[in-house]
Amino acid sequence: MVSNRLIDLSSDTATRPSAAMRKAMAEAEVGDEQKAEDPTTNALQERVAALLGKEAAVFLPSGTMCNQIALLVHCRPGDEVIAADVAHIFTSEAGGGSAFAGAQTWPLATERGIFTAAAVDAAVRDVNRHSPRSRLLAVEQTVNRGGGAVWPLEAIEAVADAARRHGLAMHMDGARILNAVVASGVAAQRMAASCDSVWLDLSKGLGCPVGGVLAGSRAFIDEAWRWKHRLGGALRQSGMLAAAGLYALDHNVDRLAEDHGNARRLAEMLGNLAGIRIMNPEVETNIVFIDPTSSGLKPKDIVAALMPQNVRMGTSYGGMIRAVTHLDVTTGDMETAALAFKDVVKGGRG
Ligand SMILES: *Cc1c(COP(=O)(O)O)cnc(C)c1O
């Protein structure tokens with residue numbers, strides 16, 4: 001039973017804007033964003049600022065730019081950023097933190113990207129002429145390479161307290177913060193309350209083609225705007241893109257629970273296959289990490305063998321395969337994908 005369309009589980013960025021989202025984009029009222037005259041972009045910024053409990057927000061072309069601008073505003077060259085070893089900021093932004101902000105990094109060894117206040121205490125440098133200045137603590141909600149792990153509210157508050165005690169600023173890479181909100185029932189405002197800066201991605205599970213929104217104090221966002229201009233990220237009639245974001249916040253948030261259910265279902269079925277171990281069997285949100293070591297097959301060979309069956313997954317770090325659910329895959333697709341996976345694994349051993 002080969003699917004007649006591609007079941008793309010390689011990322012939640014694989015979503016395509018729906019017909020209704022495209023209609024909202026086409027009909028958006030627009031103006032010049034750089035003059036603060038795009039009413040739709042202004043509305044999105046205000047909406048996300050309120051959602052995340054901050055004074056202000058700025059629409060940016062990507063989540064990567066949200067992280068990089070936050071590093072630029074918080075850090076001076078030579079400053080040090082403390083975050084989990086698996087943090088997107090360290091692993092997946094082409095060294096932007098050092099290339100732009102000139103910041104160096106202290107990656108904390110973690111279990112699925114979550115760490116403790118004691119780990120922060122231990123990582124902060126003594127203040128003296130020799131040490132870099134510990135400047136910023138960053139957490140990721142949810143932890144991408146942690147299999148979509150959700151930082152519990154108390155854990156965020158504990159590390160934020162530690163950051164404050166040491167005079168560090170606190171940043172939240174909230175690419176999937178709304179997945180965490182839906183999974184935990186904790187409001188986004190509370191989750192981000194102890195953070196000086198926080199952003200959410202529109203182009204992941206929310207299903208938009210482009211964009212992220214970075215939020216913080218008015219002063220922080222004023223500085224972020226300066227960097228947005230400097231980096232060439234300031235746009236013109238961006239309301240067409242912002243309209244997708246507003247549409248997504250209206251229609252695509254509560255339904256993230258379906259993605260989480262689908263990911264759990266997929267993990268259950270794959271976890272029952274001989275030779276397959278699920279790294280995060282509890283599957284809190286929409287990401288499943290699959291360890292095929294005991295099957296004797298290599299991740300890249302499994303991923304390649306799935307393609308003719310119209311199932312796409314990705315290889316990831318640590319010899320694992322990553323499958324991510326989103327609004328363009330169905331519960332039925334999970335069954336189909338699991339059957340294809342079973343075929344491939346059986347074929348490999350036989
Ligand atoms: C995807 C992602 C980013 C980057 O977002 P883009 O919009 O793809 O630039 C940053 N952090 C995390 C945790 C992500 O998953």
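This is a predicted model: local features need pLDDT of at least 70, side-chain atom pairs count only at pLDDT 80 or more; totals for chains, interfaces and linings use all residues.
The largest pocket has a volume of about 250 Å³. It is lined by 15 residues, and those closest to its centre are Asn-42, Gln-45, Ala-57, Arg-218 and Trp-225. Two or more lining residues come from each of α2, spanning 39–51, β2, spanning 56–60, and α10, spanning 218–230. If we sort the lining of this pocket by class, we find six nonpolar, four polar and five charged residues.

Is Thr-41 buried or exposed? Thr-41 has a relative accessible area of 1%, and the cut-off for buried is under 20%, so Thr-41 counts as buried. Setting aside residues up to four places away in sequence, Thr-41 touches Glu-33, Phe-59, Ser-238, Gly-239 and Ala-242.

A search of the whole structure finds two cavities of 30 Å³ or more. The largest cavity has a volume of about 60 Å³, and the residues that line it include Ile-177, Leu-178, Leu-200, Asp-201, Leu-206 and Leu-256. Helix α8, residues 177–184, and strand β7, residues 197–201, each supply at least two residues of this lining, with the largest share, three residues, coming from α8. By class, the lining of the largest cavity has six nonpolar, two polar and three charged residues.

The second largest cavity holds about 40 Å³ of space. Among the residues that line it are Ala-83, Ala-84, Phe-115, Ala-138, Glu-140 and Trp-151. Here the elements giving two or more residues are β3, at 80–84, and β5, at 134–140, and β5 gives the most, with three residues. The lining of this second cavity divides into nine nonpolar residues, one polar and one charged.

Several of these names come back when we turn to the packing. In soluble globular proteins, nonpolar side chains tend to be buried together. The largest nonpolar core in this model has 57 residues, of which Leu-44, Phe-115, Leu-137, Ile-177, Leu-178 and Leu-206 touch the most other members. Helix α7, residues 153–165, gives the most to this core, with seven residues. Taking Leu-206 as an example, and not counting residues up to four places away in sequence, its contacts are Met-21, Leu-178, Leu-200, Asp-201, Ala-248, Leu-249, Asn-252, Val-253 and Leu-256.

Ile-89, which lies in helix α4, residues 88–91, is another buried residue, with a relative accessible area of 7%. Leaving aside neighbours within four places in sequence, Ile-89 is in contact with Asn-67, Leu-71, Ala-138 and His-171.

I will finish with helix α13, residues 299–306, where Pro-299, Ile-302, Val-303 and Leu-306 are buried. Where do these buried residues fall, seen down the axis of α13? They lie within an arc of 95°, and therefore line one face of the helix. As background, an α-helix has 3.6 residues a turn, so residues three or four places apart point the same way.

How values were computed:
Residues are numbered from 1 along each chain as its sequence is written. Side-chain values use heavy atoms; hydrogens and water are left out. On a 1 Å grid over the protein atoms alone, a cavity is a set of points where a 1.4 Å probe fits but cannot get out, and a pocket is an open set with protein on both sides within 12 Å along at least five of seven lines; lining residues have an atom within 4 Å of a point. Grid points are joined across faces, edges and corners, and a volume is the space filled by probe spheres set on the points. Helices (H or I, at least four residues) and strands (E, at least two) are DSSP runs, numbered from the N terminus. Ala, Val, Leu, Ile, Met, Phe, Trp, Tyr, Cys and Pro count as nonpolar, Asp, Glu, Lys and Arg as charged, and the others, Gly among them, as polar. A nonpolar core is a set of buried Ala, Val, Leu, Ile, Met, Phe, Trp, Tyr and Cys residues joined through side-chain atoms within 4.5 Å. Buried means under 20% relative accessible area, exposed over 50%, partly exposed in between (1.4 Å probe, protein chains only). Contact means heavy atoms within 4.5 Å. The arc is that of the directions from the helix axis to the C-beta atoms.
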